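Dear colleague,

Please find the structure below. My notes on its pockets and core follow it.

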Amino acid sequence: MATMFKKPKRNFRRKVVTDSDSDQENENKFAEVDNEDNGNYMDIDDDCPDILRAPPPLPPPPPIPELKKVKKKKRDKEVDPSKVKPLSFDTEEDGDTEVFKVKKSSHSKRIAKQLKKESLKEKEENPDSPKKEEKEIKEEPQEIAEEKLKKLREEIRTLNGDEDEDEDSDEDGKMVFRSMLARGEIPDARTIHMIRKQRQMARELGDEIPLEEPEAPNKTTARLVRDDENDRSDEEDRIDFTIDTAARDLQRMRDDFLAAEHGSDNEGSDREIQEWEAQQIRKAVTAANIQQVSSNQDEYEGKTSSPQNYSIFNNGDSQKAKFEPFQALSKTADASQLTIEAIRRRMQERLHIMDEVYRSHKMERDRLATEFVDTQTCIEECEGKCSSLGERYKFFQEMRGYVRDLVECLNEKVPLINDLETRMLHLLKMRAENLLQRRQQDVRDQCQDYMTSKAASKVIMASNEEQARQRRVAEREARRSRRRRAREAKNIRGHHDGLSSDDEESQTDISKFTMEKDSLESSAKNLFEDVVEDFCEIDCIRSQFEQWKFRYEDSYREAYIGLCLPKLFNPLIRLHTLSWNPLEENCVDFEESQWYGCLVFMGLHHEEDEASIEDDDVKLLPAIVDKIILPKLTKLVETVWDPMSTIQTSRLVNLVQRLIRDYPTVSGDAKNTQALLKAISNRMKKTLDDDVFMPMYPKNVLENRSGGPAVFFHRQSWTCIKLLGNILSWFGILADQVLQQIAFDGLLNRYIILSLHTGFCNKDALEKTNAIISTLPKAWFTHADTDKTMPQLEPLCRYLTIYADTVHKATMMGSDAERHEGRENIKQVSKMFVNIHALDHAIFLSNEYSFKIS
């Protein structure tokens with residue numbers, strides 16, 4: 001029964017003791033309480049009686065904690081809770097708190113120790129007669145003991161709730177009970193049980209001051225608790241004085257049952273308590289189950305009444321229909337309301353609610369039926385797709401393995417391809433450098449041969465150097481003779497020395513170059529001899545990816561295969577274009593090669609099909625041109641191209657113009673295109689610095705047109721004019737500002753105009769000037785807003801003005817034929833001014849020499 005009552009909080013501290021502890025340690029198991037009459041000892045163990053009468057306590061020894069006194073006031077067997085002070089065993093020793101724990105023991109052992117303690121206390125108070133008191137206690141008559149036992153039983157009945165007993169008899173019963181314990185007599189189980197029930201009833205009715213806070217049912221066997229475990233807030237220290245009448249009645253019924261038994265022991269009482277507790281637990285569990293079932297039913301009806309949040313009310317409210325239990329009419333507060341109309345209305349309301357619930361269930365059934373049909377359809381569709389999904393999975397697994405093997409194969413071959421490209425580029429570079437060095441050496445030899453100073457004429461060369469020079473002269477003249485015969489065979493007129501490129505090679509050099517080139521091409525063909533065709537032939541690789549596109553176009557497009565193909569084909573295309581050199585005469589155009597024809601219709605079912613602009617495969621060839629062709633051209637420009645060669649320049653210009661026109665990836669904004677144009681401009685600047693040479697001779701030396709110096713001078717002049725035309729052929733490709741800086745500042749005004757001033761103002765000079773103006777792009781002069789030409793052409797205009805004045809003065813005193821020829825030359829100069837939009841200079845000549853501008 002101890003589990004049914006709440007115990008107040010007691011700030012007791014525990015101390016672990018053993019059975020062999022001294023009597024001094026066992027004294028801490030009791031607490032002193034001061035009453036109005038005398039001091040009573042209270043056992044803090046729940047298994048012992050609460051009130052034991054004994055002589056006054058001994059002074060506590062040092063280890064015993066300080067006791068706090070609690071005064072108890074009686075008023076109609078009720079205690080004022082505001083004046084109650086709980087017992088405390090708090091003692092601080094050196095800043096630490098001792099914790100006392102009372103060990104459970106049998107009743108006889110405790111009583112024996114209590115008697116021993118009382119004896120020691122009496123000895124201290126009456127040292128003269130300790131033995132006498134002890135003897136009197138032992139020799140107490142049997143009759144007195146029985147009388148005291150009878151009073152003790154009356155006291156127990158009073159403590160069990162007998163209101164007719166007064167306080168005097170209560171005190172007498174307590175004294176008898178304590179005296180019985182003092183004699184060493186052990187109360188029976190029934191007495192101990194009744195005393196315990198009396199204490200619990202007193203707590204319940206408020207007749208006794210509670211000593212501790214109630215504990216949880218699983219902690220009822222604990223005697224003491226630690227301060228830190230029982231240290232609660234002030235709100236929890238409040239004592240509830242509410243009387244539970246139902247519990248009191250139940251307790252009385254149990255007491256009557258125990259009284260009827262007379263011989264029942266503590267074990268039977270405990271069994272009865274356990275049965276009663278089991279009944280209460282079953283009642284509580286049954287009530288909880290009923291409440292849970294009711295709540296689950298309400299929740300289910302609330303959910304099913306409105307599936308998918310469908311409203312079942314006509315007014316549009318989103319309430320949910322709920323089947324509520326029908327309240328019996330017999331429970332109506334006012335019986336006068338039980339009329340036929342009220343019953344009918346109640347039944348109609350109930351019927352309406354049930355109809356709403358029915359409709360909600362029906363809607364839920366229809367929804368589930370629809371979902372069932374949809375699920376069945378989905379299952380059938382999935383089953384139908386199993387075979388296709390299996391084939392799809394198998395295809396992608398095979399494609400995954402193929403791509404992995406292809407990438408591994410290409411990664412292994414790429415270093416070899418790079419090596420072949422490097423060797424081929426080095427071979428072309430060596431041939432171009434040999435031709436360039438030969439031309440530069442010829443210029444130095446001629447310059448040395450035609451030196452006019454006396455010191456230079458006395459230069460004596462070594463025999464070896466002289467022989468090498470003579471050999472170079474013979475080879476140079478032989479090449480010129482071969483070119484002259486070729487022009488005569490083709491009936492070419494108007495040619496001037498210096499306009500030829502002079503890039504012929506000897507048969508020995510050609511044979512050596514051809515042999516090395518064939519060796520590299522053979523190595524390129526044997527590079528993939530250990531690889532099957534599916535991994536080295538562009539046609540086979542294309543068919544693999546086309547199969548993917550035709551069967552699963554969505555995944556092909558989502559994987560961006562069209563953007564990956566240029567990089568995938570890159571090694572193979574570089575291998576196919578290993579010997580491609582557009583600067584050579586018999587070079588095959590890349591658009592006519594096999595790999596180009598294989599990829600031009602990539603991704604199309606038929607060649608007649610029109611490709612979509614959004615298809616990435618359409619961008620395959622433009623991407624290849626941007627990623628492969630342009631970088632290769634850039635390297636050829638840097639190492640092989642000779643700006644002095646009109647043929648090479650013409651081929652390169654035509655190719656670049658076609659790429660810009662046909663491929664959108666070749667534009668000024670593209671990175672590779674910018675790299676190519678920058679390489680072209682740098683190569684032309686390098687030619688101006690290394691290959692251009694203009695000798696300066698006195699006019700008396702140049703008078704002999706057949707002399708070596710005059711021939712060399714005019715050849716170099718025409719070479720510079722040829723180079724000017726090659727540079728200006730890049731008009732429309734290079735920026736105008738860059739092109740004008742190279743052509744005008746780097747060549748025309750620096751070399752050509754100087755050579756014109758050095759020579760004579762004759763027909764040859766007029767022809768050179770006309771050739772210069774013919775190379776200038778007409779677009780530079782069509783949009784001029786003023787009568788003046790470009791600032792860079794002002795030096796040329798000044799030379800032409802000087803030329804017209806010189807011709808006029810030279811022919812003014814001559815014959816009529818000479819004057820007429822001179823006048824025609826001046827008119828031709830005037831036309832040149834008009835062609836370069838130098839109208840101010842043309843008007844000046846017409847006014848000066850009295851002719852009309854035609």
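The lining of the second largest pocket comprises 14 charged, 6 nonpolar and 6 polar residues; here Ala, Val, Leu, Ile, Met, Phe, Trp, Tyr, Cys and Pro count as nonpolar, Asp, Glu, Lys and Arg as charged, and the others, Gly among them, as polar. This is a predicted model, in which local features need pLDDT of at least 70 and side-chain atom pairs count only at pLDDT 80 or more, while totals for chains, interfaces and linings use all residues. Residues are numbered from 1 along each chain as its sequence is written, and side-chain values use heavy atoms, with hydrogens and water left out.

A pocket is an open set of points on a 1 Å grid over the protein atoms alone where a 1.4 Å probe fits, with protein on both sides within 12 Å along at least five of seven lines; lining residues have an atom within 4 Å of a point. Volumes are the space filled by probe spheres set on the points, which are joined across faces, edges and corners. The second largest pocket has a volume of about 630 Å³. Helix α10 gives the most to its lining, with 11 residues; helices are DSSP runs (H or I, at least four residues), numbered from the N terminus.

The largest pocket holds about 1300 Å³. Among its 44 lining residues, Asp503, Glu504, Ser645, Gln648 and Arg651 lie nearest the centre. Here too α10 provides the largest share of the lining, 8 residues.

Finally, Leu659 is in contact (heavy atoms within 4.5 Å) with Phe590, Val625, Ile629, Leu630, Leu633 and Val666, leaving aside neighbours within four places in sequence.

Yours sincerely

Definitions and conventions. Helix = DSSP H or I, 4+ residues; strand = E, 2+ residues; numbered from the N terminus.
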